[in-house]
Amino acid sequence: MTDAANRPLPAGPLPPGSVIGMLGGGQLGRMTALAAAKLGYRTHVFCPDQDSPCAQVTDRATLSSYGDEAALEAFARSVDVISFEFENIPHDTVAFLAERATVRPGAKALAVCQDRLAEKDFVTAQGIGTAPYSAVPTEAALEAAVMAIGLPAILKTTRDGYDGKAQTRLDQMRDSGGAWEKIGGKPAVLEGFVDFAMEVSVIAARGADGAVVCYPAVENRHRDHILSQTIAPAPITPALAAEAERIARTLAEALDLVGLLAVEMFVTLDGRVLVNELAPRPHNSGHWTMDACATDQFEQFVRAICGLPLGGTERVADAVMTNLIGDDVLEVPAILAEPGARLHLYGKAEARPGRKMGHVNRLIPRAS
Ligand code: AMP
């Protein structure tokens, strides 16, 4: 695949009026398109879904499958730069587009972040810790992996997992019996269970000129494996926060990406910071920045992929972001009645269980 990140960069920033091509039509694309409009850009979204949250707010939308080469060809010709709002876009689609347009972040970031095993190998190669892990390419390899890693452990598919999907916990040897079927019988990785004190994340932005800025480390609390709340900043020592930021910066540089890199990490009970997962795009744990930072993550993403200077990442207030998942959306009238609550809804018609419908940011006044 052509690594578009290594192609000669267009001279200077994309001028206002340029078109950002966005693969994927979810809420991350929607909030990126809104930020793009604020900076004078247009967005053309490409996704297979009718009435997607993103298409509701973009200048143009192509409704097509990721395998439709004629549609991809026309899309590539209609835009000035291409990015994506989720990393599980088929490899062939991105390869096809990268031959025809600049794709940011580039192929390396995608290849690494689409595959849990490649991701862990990459992180380890940078001298950064992860949970202990072992490849489980076939069911037959599971027993040896359990012997190597020990229990409890979590078996995760290497590809296409998100929000705790396609993974299962093993507490005793006998649990390994149905585990392979449970995750869909696909190549997997077995991870040792980390007895963490806290889950944190840092979002790093890297510009076309190689400049890197990081948002402050935040704490992430999950409910049923789905992010429920982000606490900004994370209540950790300055030394741990600095270590989490160092890790995010190191990985963004090593991936040579232009755009955002969200790094999810565990802080262990003995004070180590281990990487759990990478996402080369805006991230749910960065939604608090929309109301509490000098430049929010979506504008930062647009700035990076369009070759603009990066904006400030400083926190103007502490904040708590709460996701509205499924029926939580029934709380909207009460949230609207709450002074200071900042509501963001994604335009999804149906509130299914586990579906992210929106989020609310609550700012915490600083003690003077
Ligand atoms: P993931 O899909 O890998 O982000 O996992 C979803 C959530 O499961 C994480 O945010 C953690 O709360 C939990 N989890 C995943 N991997 C581990 C692990 N190795 N040890 C402990 N908890 C984990």
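Where does Asp-51 lie? Asp-51 is found in the loop between strand E2 (42-47) and strand E3 (60-63); helices (H or I, at least four residues) and strands (E, at least two) are DSSP runs numbered from the N terminus. The model is predicted, so local features need pLDDT of at least 70 and side-chain atom pairs count only at pLDDT 80 or more, while totals for chains, interfaces and linings use all residues. Residues are numbered from 1 along each chain as its sequence is written, and side-chain values use heavy atoms, with hydrogens and water left out.

Asp-51 is exposed, because its relative accessible area is 54%; exposed means over 50%, buried under 20%, and partly exposed in between (1.4 Å probe, protein chains only). The side chain of Asp-51 makes a polar contact of 3.4 Å with the side chain of Gln-56. A polar contact is a pair of N or O atoms within 3.5 Å; within protein, one must be able to donate a hydrogen and the other to accept it, and residues adjacent in sequence count only if both atoms are side-chain atoms.

The domain assignment, which is automatic or taken from a database, gives domain 1 (19-103), domain 2 (132-192) and domain 3 (196-364). The centres of domain 2 and domain 3, taken over C-alpha atoms, are separated by 28 Å.

**The ligand site**

Around the ligand there are 16 residues, of which Lys-156, Glu-191, Val-194, Glu-199 and Glu-277 come nearest; a residue is near a molecule if one of its heavy atoms lies within 4 Å of it.

| Residue | Ligand atom | Distance |
|---|---|---|
| Glu-191 | nitrogen | 2.9 Å |
| Asn-276 | oxygen | 3.2 Å |
| Glu-277 | oxygen | 2.8 Å |

The protein covers 94% of the 480 Å² of accessible area that the ligand has on its own. Such areas come from the Shrake-Rupley method with a 1.4 Å probe; for residues, only the protein chains shown count as cover. Two or more residues of the shell around the ligand come from each of E6, strand E8 (188-192), strand E9 (196-206) and strand E14 (273-279).

**Backbone features**

Most residues other than glycine have a negative phi, and most peptide bonds are trans. Asp-51, not a glycine, has a positive phi of about 45 degrees. His-225 also has a positive phi, near 70 degrees, and is placed in the loop between strand E11 (218-223) and E12. His-225 counts as exposed because its relative accessible area is 52%.

The peptide bond from Leu-151 to Pro-152 is cis, with omega near -5 degrees. Leu-151 belongs to the loop between helix H6 (142-149) and strand E6 (153-157), and its relative accessibility of 33% makes Leu-151 partly exposed.

**Two strand residues**

Thr-322 lies in strand E15 (residues 318-325) and is buried, at 17% relative accessible area. The side chains of Thr-322 and Gln-229 are joined by a polar contact of 2.9 Å. Leu-343, in strand E16 (residues 342-345), is partly exposed at 25% relative accessibility.
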